[in-house]
Structures are given as C-alpha cells and as structure tokens.
Amino acid sequence: MSRELLRYLLTRFGQLLLIVFVAVSINFIIPRLLPGDPVQTALARLQATGGAQNVDIQAVSAAYRAKYGLDAPILEQYLNYWLDLFRLDLGVSFANFPEKVSTMIGNALPWSVTLLAVATLIAFSVGSLLGGRLAWPGSGRTIKSIVPLMMILTSIPFYLLAIILIYFFAVVLKWFPPAGGVDTTRIMRLDWATTEDILRHAFLPCLAIILGNVGFWALGMRSQMVSVLGEDYITFAEAKGLHPNRIFVWYGMRNALLAQVTALALSLGSVVSGAVLVEVIFNYPGLGSLLYVAIRGQDYFVIQGVVLMLIVSLAVLLFLVDLIYPLLDPRIRR
Amino acid sequence: MSVAQDAKPILVVEELNVHYDTGKGPAKAVNDVSFSLRPGERLGLIGESGSGKTTMATALMRLTRAPGRIAGGSVKLDGRDILKMSTRELRETRLRDIALIPQGAMSSLNPVMRLEEQMIDAIVAHKPGMRRAELDARVQELLKNVGLAPEVARRYPHELSGGMKQRAAMAIATSLAPKVIVADEPTSALDVVVQRQVMQTLGRLQDGLGAAVVLIGHDMGLIAQFADTVGVMYAGKLVEIGPVRQMIESPKHPYTRLLVDSLPGIEVKRELTGIPGLPPPLVDLPPGCSFNPRCPLAFDRCVRETPLLQQVAPGQSAACHLYPEHAALPPLPPMTRAHQELRP
C-alpha cells in the first residue's frame, strides 16, 4: 500500500469519526435545548395521549433521573452520554418499558440491513447494466423500448408502488403475504421452512424498492455511457480490433460506473428514507417500522436511538463507498 | 527508407466518400478521394481544419461513426476491401494489418487500466494463445521500441506525460507489425521538442516494420520533413498529390502554392501571409471547383465545371483547370483588393 493511499484512507476514516461525533453531539444537544425537563415533557405527552396507562410513571421518571443524573452539569451529562453509547446503552423505551432501546434496534437492524442491501444491490446492478445496454449502439430495438418504462418507474413514488404491488400480488393473486417479516405463528429456526417464509415476506418489499430504484440507475447509467462512448479511448479500442463485448465492459461500463458509484453514495440517504416508507407499508419489522411506531407513540429515546443509528450507518456506508472508489478509479489514489 | 517505385500498392483508396447527414443535406467531408500507397511509402495528407483529414483517417479503418457514414468507394488493403468486410474480418484486420495512431493520444488510453493491460488486450484479441510470459516480454520490447522505460508498463495513463502517452499509443499501434499505419495528427497537442522526438520515433518504427504510413496533419513543415509523398486536401477533396520535393518546389495547384508560401522562413523576415477567405461549408459547396472563390487565378470554367485529378508532372497530379493548357503554375497575381477583403 502506497503512502498516498494510506493517507487517503486515514483522511476518510477521520471524516467518518467526525460525522459520527457531530451526529452524536447533536443528538445529545437538541433534546436539552428544549425548555423544561425532557423526561417530564416526554412522559407528560405520553400520558396525555394515553399511551402508557399501565406503566408506573413515577417509577419510569425516577429510573431516568437516577440513570442520567439530569440535574448534573451539562458537561458531565455529555460525558455520561458518551460512556453509555460505548456500552451500547441507548436508554429505555417508554412504550415498552423496561425494554432497552439497543435491544429493539438490535432486533430490527438485521431485517432492514438485509432488505435494503439486497434490494439496492439488485436495483443498482440491474439498472446499471440496462442503462449501459440502452446507450450501446449494438443493442436491439427491444431493449431501447424500455426507456419510457424506466421513466415511469422512476417517477412513481415508492409507497405508491408498494401499495400497487400489495394490491395485485397479495390481495388479488394472493401469491405473497401482504405484510410482516415472517408468519406470526412461526417459531424461528435455522431451517428451510423458516428461510422460505422470510423470503416470501421479503419479496414484495424488496421488489418495491427495486422497481422504485432501477429506473433511476438505468437512466443515470445511460447518460454516463453515452458520454463515455464518445471518448477517444473507445475509438482507439475499436481500432485495436477488440471484441465489442470487451469494449462494452472494460472500456465503456467500467468508466461509466465511476459516476454511478458517486451517485450511489449521494443517493444513499434517499434510498434509506424511501426504504423506511416501504417498511411501514409492509409492516416489515425493520428500523423503518420501529421509527414509525416510535414517532406515533412519541417514544422519545427510541426515536433518538433509531435516528442516531441511521446517521451512523449512512456515515459508515459513505465510508465504504469511499473505500471502494480508489479501487475503481486509479486517479483518486493519488 | 526507399520505396520501390514498381512495387504493388498495399493500400488502394478509390472514390471514397464520407458524408455527415445534416438537416441541410449531406456534408461531404470526404468527396471522391482516390490514392494509393506502396509498401514502406510515407504519405502525408495535409489540409486546413474541416478539410476532411480526420474523417478520412477514421474512414480508412471503417471507424466512421454516426452521424457520419461512408457513402461509397473502396479501401482495398492488399486487395481486400475494408469497407465490405464482415464485422469479424474487420476486427481481425484492424491492428493486425492496418493500425491507427490516434489524434488525441492524451485521451486515447483507457484511464482505469494500466498501460500493460491495454497493450496486452490488444495483442490477445488477435493472438489468443499467447502465454503471460511471452506477452510481458512483448510489452517490454514494444515499450523499448518507442523509447519508454520498462516500468511505464505498470502505470496508469494519468501518470504519463503527453509525449509518453503518444509513444504508448504508438507502441500499441505497432504491436502486431501492421502493413499500414494511419497516424492522425499524432503530434497535435505536443510542444515542438516532443513533436520532433515523436516524429523521429514514428519514422524509426516504420523503417523497422517496413509499413506504409498515412500521416495526417495541418503542419506543412512537419509533413514535408517526414513524407515521401504529399497529398493536399481542400473541402473534402484531394486537390493535389505528388512527391514531396516537387510539391514544395513546384506546386501545380494554386492552393498548394498558397500553403507553401504561407510557411514562415528564417532567412527572409516578411509579413506572414495566409490564404484569404475561409473554406466553404461542406453542406453548401460552391459550383465547379470548391476553391474558386478564394483562388487568385480562377476563371469562368472554374465556376462551371468540377476539375478532376489529372497528371501534371511525373508522379504529380492536380485537380485544376489550368492544366494541361499550362506547363507550370503561372505566377500568382498580387492579392487583389477583393482578396484582401476575404482575409478572415
């Protein structure tokens, strides 16, 4: 590894730490900027909505006070907050007292990560390949006729697409379950029946995300590819007598992908927020649904925990993209 | 390198036409161009920007891209018409028999591949069976031939200077010892010192391979130094072609004369002369000879009739109505008032 590369990696890692630091600090400061006692305010609101009738409010309140020492100086609170974070302690849920927020996030995270990673990866690969083919002069008419379809798909919002899918495939055709991550009666085991159940439930949400994104990637790749194909190195590659497939992949796609990966990094935020909506519609047991339920129930610490989780995972994803980028583009390694 | 005068031509171009389709009809960027090239011959094609030089270079390898299209003619390489080959045959012929040294060497290398990979994939496309060790040895040999250090093989294009990139492109173009090399303004983006080195390298390579070269450019001085034969293009047409010495010392076409006169000399300091006016738009060529609006010797026939290329001296042909009535080009009149006003 060259010294430049090492410096690049260290700089990017430093940026990651900075983002996480700022996110955590804002997450700490915002509630404390509100007038009054955050615990009291939250509990009062909870009581007003009748969301916690069977919970001993005084006990919860006392537990928080003891735990956070909310009368302590702000700097000490800040320090404690960080110490708690290092112990992965994000507080306790109001609505499901005394369940820990970290446990709730831990339960939801695998669902979201798998769904999102698989769906985004498929949408990105399929979309990019389609886009490359759309711009390739050797492609037939059939493939070029899908451009309008791609445009329609990109312009329909995620949640509408999700509702349409539920209507056709779950309500009318009954091929897939309309909601949930797994059958409510299923006992989770590592066997084929469980896996199949999970896959059946994941199919429609996954499809919704793929359909919602594939057009974006296809159209983006198409315009990138058009400009790459106009480059001199494509003409020279042809003059070398290379096979068209080799030119397509190694001279065309390979260069057009650089901008696509940048676009991927930039759009991760919207991909995540779009996925939140899809999860809510499918009642999928991931972070999105958790966040939605927490917001409705004003479950303060859960919201805080999930938002922190989202920010940190976005920062980590951006960091990963930054790691991949120099592998794709040698010009960045300097 | 001496050229056998009686050798069978290796490249024969006949009535080549390349059109760009525009809203106003086809722009005839290459218009009925014919010439031939013997093995080892160095042909320099010269012309102003927009005269169809680069279009011609790409058409010789059938690399013409939309909106351009080859509208007719033939390009016979060793008797086989490149324009009629199947795509597979064409692919096999490119680089192996006819290779391109591209104009924009700066941007002709794939930015994400190491130079050796780009050299190897060219060789492997034509010789699939070669082993890695042989390929590496070949890459080293090719780099040495163009005066590049062995470690350059592992570099990416952005780590090379302009001259190095141009040499690298030459190494690729000569990797299969082609019979014809088409060099499209190989030195256009380089400074004069590097230009000279690159041209010397090209000359040495060509000598070693015995390949014929079509060198395309706009720099009369550079072309004159390199070529055995010089062809002059104007508005898509080849207007004069002949041995380099004759072309410089006794050009027959008025346009060639003006081009030669516009070469700045060291001995006599004088005002730089250009050629008044601009080349005509290719979609809307003037009737008769395309050069007539700018020609100081134009007469009525030039406006009516398109001149054909005809022999005007041994080995020298010109497309001009002054011949065969005149034996040599009459002295050009001093620039008239009208011509002065044509000055851009």
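Which residues of helix α9 (residues 254-261) of chain B are buried? They are Pro254(B), Tyr255(B), Thr256(B) and Leu259(B). These buried residues pack against α7, β9 (229-234), β10 (237-243) and α8 (244-249) of chain B. The model is predicted.

## Chain A

Chain A is helical: it has 13 helices and 0 strands. Buried residues make up 31% of its 334 residues. Among contacts in chain A between residues at least 6 apart in sequence, 72% join residues at least 24 apart.

Confidence in chain A averages a pLDDT of 83, and 90% of the residues score at least 70. Two helices mark the ends of the range by element. Helix α2 (residues 38-48) of chain A has the lowest mean pLDDT, 67. The highest, 94, belongs to α10(A).

## Chain B: overall form

Of the 344 residues of chain B, 44% count as buried. Contacts with a separation of 6 or more were also sorted by sequence distance. Residues 24 or more positions apart account for 66% of them in chain B.

## Two domains in chain B

Chain B divides into domain 1 (11-227) and domain 2 (250-342). Their C-alpha centres lie 30 Å apart. The contact between them takes 11 residues from domain 1 of chain B and 6 residues from domain 2 of chain B.

On the domain 1 side, β2 (25-37) and α7 (220-226) of chain B are the elements that give two or more residues. The largest share of that side, 4 residues, comes from β2(B). By class, the domain 1 side holds 3 nonpolar, 5 polar and 3 charged residues.

## The largest nonpolar core

The largest nonpolar core has 155 residues. Val180(B), Val182(B) and Val214(B) touch the most other members. Helix α9 (residues 192-229) of chain A supplies the largest share, 14 residues. Domain 1 and domain 2 of chain B both give residues to this core, so it lies between them.

Beyond residues up to four places away in sequence, Val182(B) touches Ala57(B), Leu60(B), Met61(B), Ile98(B), Leu100(B) and Val214(B).

## Where the chains meet

Here 18 residues of chain A are in contact with 24 residues of chain B. On the chain A side, α10 (232-239) and α11 (244-282) each supply at least two residues. The most, 6 residues, come from α10(A). The chain A side has 6 nonpolar, 4 polar and 8 charged residues.

Ala239(A) lies in helix α10 of chain A. Is Ala239(A) buried or exposed? Ala239(A) counts as buried because it has 26 C-beta neighbours inside 10 Å, and the cut-off for burial is 20 or more. Leaving aside residues up to four places away in sequence, Ala239(A) touches Met61(B), Leu63(B), Arg94(B), Leu95(B), Ala99(B) and Leu100(B). Met61(B) and Leu100(B) are also touched by Val182(B). Within chain A, Ala239(A) and Ser112(A) are 127 residues apart in sequence and 48 Å apart in space, C-alpha to C-alpha.

## Backbone exceptions

Most residues other than glycine have a negative phi, and most peptide bonds are trans. Chain B holds some exceptions. The peptide bond from Ala66(B) to Pro67(B) is cis, with omega near 5°. Pro67(B) is found in the loop between α1 (53-60) and β4 (68-77) of chain B. Another cis peptide bond joins Tyr323(B) and Pro324(B), where omega is about 0°. Pro324(B) sits in the loop between β12 (316-318) and α11 (337-342) of chain B.

Glu15(B) is not a glycine, yet its phi is positive, about 45°. Glu15(B) lies in strand β1 (residues 11-22) of chain B. Glu15(B) counts as exposed, with 12 C-beta neighbours inside 10 Å. Asp78(B), also not a glycine, has a positive phi of about 55°. Its place is in the loop between β4 and β5 (80-81) of chain B. With 15 other C-beta atoms within 10 Å, Asp78(B) is partly exposed.

Definitions and conventions. Residues are numbered from 1 along each chain as its sequence is written. Chains are lettered from A and ligands numbered from 1 in the order in which they are written. This is a predicted model: local features need pLDDT of at least 70, side-chain atom pairs count only at pLDDT 80 or more; totals for chains, interfaces and linings use all residues. A nonpolar core is a set of buried Ala, Val, Leu, Ile, Met, Phe, Trp, Tyr and Cys residues joined through C-beta atoms within 7 Å. Domain bounds come from an automatic or database domain assignment. Two residues are in contact if their C-beta atoms, placed from the backbone, lie within 7 Å. Ala, Val, Leu, Ile, Met, Phe, Trp, Tyr, Cys and Pro count as nonpolar, Asp, Glu, Lys and Arg as charged, and the others, Gly among them, as polar. pLDDT is the predictor's confidence in each residue, from 0 to 100.
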